[in-house]
Amino acid sequence: STNNGATFIRSTYFTGIRISSWYYNDRNPGQLIMVDATIRNRIHVSNDLGQTFTANNLKFRPSKFVYCPKNQNSNYVVSYDFLAQKLYFSDNAAKVWRLIDDRVLSYYWSTPELDRHEHRIYYEYFTSDNGTNFVTIRYYDIESHVIAVFDPTMPSSLPRNLVIFKNYIMTLVSSRNSTDGHFDLYVSCNRSRFQMAQFPLKLSNRRFHVITTKTDEVIISVNHHANLTNLYNSDASGKYYTLAVSDIYAASELVASLGYSFFAFDDVVSMPGTYIVSKVIQKSNNPFVRPRMASMITFNKGGSWHRIKPPSKDRFGNPIDCQDPCSLHFDVLNGDFATEADLYSHSSTPGLVIGLGNYGTELSSINRAVYISNDGGYTWTQASPNYRIYTALNHGSIILASGKGIQRSNVKVSYSCNSGQTFTDIQVTNLTLNTLHLSPAQPDGNTLSAMLFSHDIVSGWVFASMYFGSILPRQCNANDYYMWNPTDPYDKEKCLLGAKYSYQMRKNNSCCYNPRQYVRPTIIKSCPCTPEDFQCNYGFEIQEDGTCAAVQIRRDSCAKGSATFSAVAYRKMPGNMCQGGIEQQYLTPRTYWCNTLAIKSDEGLIYGLAIGVPIAFLILAILIYIKMRGCRNSIYYQANSAVVAPSKLDEEKD
């Protein structure tokens with residue numbers, strides 16, 4: 001199909017040929033590789049979007065293919081033979097293959113636009129010594145065909161823990177003084193030598209879940225003990241970490257021992273700096289029972305956390321009696337397991353958030369309904385309790401929702417063209433289908449087409465292509481827009497991440513559509529810096545009065561016998577755009593006594609209002625599952641992708 005699934009043309013090439021899996025180049029979708037299910041070392045390659053294919057018999061059994069992520073190198077592709085643990089490379093679109101190395105456990109292409117070595121493949125080389133399994137990190141240079149150890153000074157790391165994203169490389173090393181299997185995280189920034197990551201708490205580190213961000217930092221959740229999971233963010237080097245928020249709901253020790261990872265966090269990408277987490281308020285002694293949790297929201301990347309305010313009225317206009325500590329809760333979860341309904345937000349629809357939740361003193365599966373916010377999560381309206389899948393089209397002009405599961409003889413989709421104030425039902429089919437997923441036909445946020453994915457026991461997979469252009473009567477004009485100025489509702493200066501934002505928005509009651517080439521006008525102006533724009537630096541901890549006090553950590557000057565050390569207590573939140581104000585005061589180094597950690601000379605530093613410790617991270621849509629051999633502890637990595645994740649069965653097979 002080349003028209004968003006409206007019609008399909010069957011390929012005569014595959015008559016009598018079964019396919020086990022297929023891969024495509026997301027930088028050049030015309031390049032496809034189909035893996036033969038009968039002859040497992042045979043692939044079928046197309047370079048013209050499936051119009052023609054060529055069969056190629058390989059000298060190895062491929063488990064996975066990964067195209068080079070750079071546009072100009074679209075013919076570069078690597079393949080991995082899982083059974084033989086061998087890595088292969090092709091520079092002519094999968095026609096001829098070269099063996100890179102054997103004993104390979106995991107591998108990564110160099111990072112486009114960020115890696116100064118644009119033609120490298122990094123990988124783990126496995127070896128064993130006296131019964132101990134470990135790996136060294138090697139790289140293969142495509143142009144020179146040279147294989148070398150990335151950092152010869154690096155201690156041997158644990159198998160299947162290599163993580164590469166942006167300008168960072170991470171791996172795990174057995175703790176030097178550990179007798180119970182705990183690990184240290186090692187980080188390389190800008191492809192420099194590895195350094196051991198420094199965390200402020202004197203707790204053992206057992207599991208790490210890495211998250212990518214738009215800013216130069218590393219965000220990571222660390223499981224310590226008794227299922228205590230904290231979130232930390234780093235400086236630009238990825239070496240020094242500060243505590244962002246503690247006791248977030250995450251995978252239990254039992255679940256983690258099976259090689260799975262998840263934690264309760266969602267990035268509201270439609271509102272800058274806004275995140276929702278599920279914070280544990282009472283632990284459970286039963287590993288099969290979830291703890292009691294409450295949803296918390298931040299509008300300043302974790303500078304301060306608040307309970308979510310419920311709507312004052314339900315969908316029928318009746319008052320909702322929900323006073324503090326009663327609040328609104330959403331079951332957010334990212335990783336290997338999914339909740340009943342995900343939280344929806346998209347960068348193309350500023351302010352729009354849709355989620356399945358409940359109001360009360362804690363998160364519950366009882367009395368759930370869909371709630372919609374048009375101001376980034378500050379105020380909400382209640383919609384139907386029957387919706388479980390939802391999305392938005394055309395920069396939010398259309399909101400779609402439907403039930404999830406069996407719909408008997410009447411599959412319906414509801415739509416709203418007034419920002420969720422009212423919904424209208426349309427019948428998609430009179431078949432009985434198990435509806436599973438609803439999404440835009442294209443990922444750019446401007447399309448008016450949507451796809452409803454369903455399953456039927458007899459017919460198999462069934463999906464409907466829906467076009468909503470005929471429902472909206474006209475194209476929007478200048479009178480249908482206004483400028484919206486989002487703010488952190490708890491910020492006294494009414495700024496958002498140190499800036500004032502202004503978005504062009506369609507009026508709620510204007511049922512019109514944005515033109516195909518619509519680009520939303522956006523204005524961003526910096527604000528003067530205030531205490532809310534800063535967080536405690538590494539080696540400092542937030543106090544009750546809002547100041548950052550030095551804590552006991554290793555400091556090089558003190559270790560060398562000096563009586564004092566110099567340090568900056570604060571750092572600006574990642575992504576914060578404030579300028580001037582108290583910026584110079586907060587970023588000026590101060591001198592402290594080594595023995596008492598007291599300030600020797602503050603020289604006019606004025607401590608202001610209470611600040612929080614931000615969490616500041618961006619989760620992008622898909623988990624790369626990395627399974628440890630002979631060890632329950634590992635790194636998990638949340639990475640950006642435009643491709644649907646393979647099933648767990650496929651990952652085990654590969």
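**Salt bridges and confidence**

K283 is partly exposed, at 43% relative accessibility; that class lies between buried, under 20% relative accessible area, and exposed, over 50%, with a 1.4 Å probe and protein chains only. Before going on: this is a predicted model, where local features need pLDDT of at least 70, side-chain atom pairs count only at pLDDT 80 or more, and totals for chains, interfaces and linings use all residues. Residues are numbered from 1 along each chain as its sequence is written, and side-chain values use heavy atoms, leaving out hydrogens and water.

K283 forms a salt bridge with D247, with the closest N and O atoms 3.1 Å apart; the term means a side-chain nitrogen of Lys or Arg within 4 Å of a carboxyl oxygen of Asp or Glu. D247 is buried, at 17% relative accessible area.

Next, D331 and R290 meet in a salt bridge at 3.0 Å, N to O. D331 is buried at 11% relative accessibility, while R290 is partly exposed at 36%. Shared partners join R290, D331 and R368 into one network of salt bridges.

How many salt bridges are there in the whole structure? The search finds seven. Another one of them pairs R138 with D101, the closest N and O atoms being 2.8 Å apart.

On confidence, the chain averages a pLDDT of 84, on the predictor's per-residue scale from 0 to 100. Residues 601-633 fall below 50, and residues 639-654 stay under 50. Where pLDDT is low, the predicted coordinates should not be read in detail.

Definitions and conventions
Contact means heavy atoms within 4.5 Å.
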